[in-house]
Amino acid sequence: MKTRMFASTGVFALAFVVAGLALSGCNNETPPADNAGSAGANSAGTAGTAGAGTPNIDKTSAGNASSGGTNSAGSAGTAGAGAPNIDKTGASAPPPAGKTFTIGMSQCNLGEPWRVQMNTDIDEAAKKHPEIKMIFKDAGNKSETQQSQMQEFIQQKVDLIIISPKESRPLTRPVGDAMDAGIPVIVLDRAIEGDKYTCFIGGDNKKIGMEAGKYMAKILNGKGDIIELQGLGTSTPAKDRHDGFMEGIKGTDIKIIFAADCKWLEPDAQKEMNSALSRFPKIDAVYGHNDPSAHGAYKAAEQEGKGREKTIKFIGIDALPTEGVKYVKDGILTATFQYPTGGPEAIETALKILNKQPFEKKIVLGTKRFTKDNVDKGGDPL
Ligand code: FRU
């Protein structure tokens, strides 16, 4: 793992420091305990069976259903992309009565609540349409597994694939392969390279980063030393959330004194924050690229035992009702920014594609800011 140090205002020096052993225990490759079984069952029972049997729903998304509505609220706005795009790849004529559509969903991992919520949102939206049969697969945070899942879906001849890719480069080719096989692909949340896909749906990470930067500047009165706990560097939201944030704090005296790739994972963020705390006596705030990172940083400060969790301000992104929004209510985070899962929009768009109706090639989801002042009224849209 590389730890990046930023050491000046505005134009900052960048040095790479190999953090080494302290981070070797990070568990980003650990698949959630109960997923192996369901992935196996999914691949086994469904080959070529559109229209037969029962839907293959990943059981790991159960239990989080209660919070789905809030997360997807306020996310419908579309942007960009000009004229509607009629897809030519693989969508068949309207199905004869009784025909079903099989949709394969490859989720990069189910170790984080936000991704469990995405699956729940997709599942709930799909259940409103009896003609849809969902096959959920969890890649256990491994790009190679996700590559294989794409091949399995191609072999199964599913009608459409939804993928939320772990990393952009390794999943670009598999998405292209599905397109070549005539299977439309909706890419959700993290992008791939190029534009060989049917539709992309996701939040505006650059804007969210910029709003986080502007809010940071506001709460610090334009001056302070901060830590940036970044998402996985090989996934697009991490870069966009960083770039946007830098724009948001431009022209201020806010210095990023320590930054690290925490791979979106709370345990990694906690470890990185431990080392930041041991090196810097003065830390004014933490910008976590997601709520688990901001929360990991808070826990590290708490465990340090000097009370710094009360003086450092923590900002995160995601705003799940049961996670970031709750942390704001509990006074742990100063702010969190909503990052909708796009699950309902994915199903809505899948149906348009499959029924050969017009759809947008790029759908950008809105965001909201939650702070202690607005959390009880559901945040403020930005
Ligand atoms: C979950 C997650 C979210 C984050 C998103 C970015 O894996 O890390 O917390 O907002 O992915 O792709």
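Author: The shell around the ligand holds five nonpolar, three polar and five charged residues. Here Ala, Val, Leu, Ile, Met, Phe, Trp, Tyr, Cys and Pro count as nonpolar, Asp, Glu, Lys and Arg as charged, and the others, Gly among them, as polar. The model is a predicted one, in which local features need pLDDT of at least 70 and side-chain atom pairs count only at pLDDT 80 or more, while totals for chains, interfaces and linings use all residues. Residues are numbered from 1 along each chain as its sequence is written.

Reader: Which residues come nearest to the ligand?

Author: A residue is near a molecule if its C-beta atom, placed from the backbone, lies within 6 Å of it. Of the 13 residues around the ligand, Glu112, Trp114, Pro237, Trp264 and Asn290 come nearest.

Reader: Which domains supply at least three residues each to this shell?

Author: Domain 2 (101–202 + 343–361) and domain 3 (205–341 + 370–381) each do; the bounds come from an automatic or database domain assignment. Among secondary-structure elements, α3 (113–127) and β11 (313–318) each give at least two residues to the shell. Helices (H or I, at least four residues) and strands (E, at least two) are DSSP runs, numbered from the N terminus.

Reader: Is tryptophan 264 buried or exposed?

Author: A residue is buried if 20 or more other C-beta atoms, placed from the backbone, lie within 10 Å of its own, exposed if 12 or fewer, and partly exposed in between. Tryptophan 264 is buried, because 30 other C-beta atoms lie within 10 Å. Lysine 157 also has a positive phi, near 55°, and lies in the loop between α4 (143–156) and β5 (160–164). With 15 C-beta neighbours inside 10 Å, lysine 157 is partly exposed.

Reader: How do the axes of α4 and α5 cross?

Author: Two packed helices are described by the angle between their axes and the distance between the axes. The axes of α4 and α5 (residues 168–180) come within 9 Å and cross at roughly 0°. The two helices are therefore roughly parallel, a term for angles under 35 degrees. Axes are lines fitted to C-alpha atoms, for helices over the stretch in contact, and angles run from 0 to 180 degrees between N-to-C directions.

How values were computed:
Angles under 35 degrees count as roughly parallel, over 145 as roughly antiparallel, 65 to 115 as roughly perpendicular and the rest as oblique.
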